[in-house]
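Biologist: Could you walk me through this one, please? I have not looked at it before.

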Amino acid sequence: LRTVKLQAEAVSLAAELANGLGIEAEMLPEGEGIFDVVLDGQIIFSKYNVHRFPNTGEIADLVRAIVS
């Protein structure tokens, strides 16, 4: 059940990036609960490092800060 919830959150995050920033996210199944967000080859968010899934809008804010 937890895996399904995290998958739904990942899909929601991808939609947020697409709708809000026009960025198409590529989701790669890694297993083991890994959730990294990579922008231009750099990890900008790692669930492993912060021990949580990103909050709503958090990744979009990070991307905006990097690209502006």
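**A first look at the chain**

Modeller: Gladly, and please keep in mind from the start that this is a predicted model. Buried residues make up 28% of the 68 residues in the chain.

Biologist: What helices and strands are there in the chain, and which pattern do they follow along the sequence?

Modeller: The chain has 3 helices and 2 strands, and reading along the sequence gives the pattern α-β-β-α-α.

Biologist: How does the radius of gyration sit with a compact globule?

Modeller: The radius of gyration of the chain is 12 Å, which agrees with the value near 11 Å that a compact globule of 68 residues would have. Along the principal axes, the C-alpha atoms fill a box of roughly 35 × 25 × 20 Å.

Biologist: And the charges, how many positive and negative side chains are there?

Modeller: There are 5 positive and 10 negative side chains, and the centres of these two sets lie 10 Å apart.

Biologist: Let's go to the strands. In which sense do strand 1 and strand 2 pair?

Modeller: Strand 1 pairs with strand 2, which covers residues 42-46, in the antiparallel sense over 4 bridges. As one example, Val37 has Phe45 in strand 2 as its bridge partner. The hairpin that these two strands form has 2 residues between the strands, and Asp40 takes a positive phi near 50° there.

Biologist: Which residues of strand 1 are on the covered face, and which on the uncovered one?

Modeller: Val37 and Leu39 make up the covered face of strand 1, while Asp36 and Val38 make up the uncovered one. In general, side chains in a regular strand alternate between the two faces of the sheet.

Biologist: Changing topic, where is Lys47, and is it buried or exposed?

Modeller: Lys47 is found in helix 2, which spans residues 47-50. Lys47 counts as buried because its relative accessibility is 15%, and the cut-off for buried is under 20%.

Biologist: What is Lys47 in contact with?

Modeller: Leaving aside neighbours within four places in sequence, Lys47 is in contact with Leu6, Gly33, Phe35, Asp36, Arg52 and Phe53. Of these, Gly33 is 14 residues away from Lys47 in sequence, with 8.3 Å between the two C-alpha atoms.

Biologist: Last one, where is Ile34 placed, and how exposed is Ile34?

Modeller: Ile34 sits in the loop between helix 1 (2-21) and strand 1 (36-39), and with a relative accessible area of 48% Ile34 is partly exposed. The C-alpha atom of Ile34 is separated by 11 Å from that of Gln7, which is 27 residues apart from Ile34 along the chain.

Note on methods. Residues numbered from 1 in each chain as written. Predicted model: local features only at pLDDT ≥ 70, side-chain atom pairs only at ≥ 80, totals over all residues. Heavy atoms only, no water. Rg over C-alpha atoms; globule rule 2.2 N^0.38 Å. Buried < 20%, exposed > 50% of the residue type's maximum accessible area, 1.4 Å probe, protein only. Lys, Arg positive; Asp, Glu negative; His and termini not counted. Charge placed at Lys NZ, Arg CZ, Asp CG, Glu CD. Contact = heavy atoms within 4.5 Å. Pairing = 2+ DSSP bridges.
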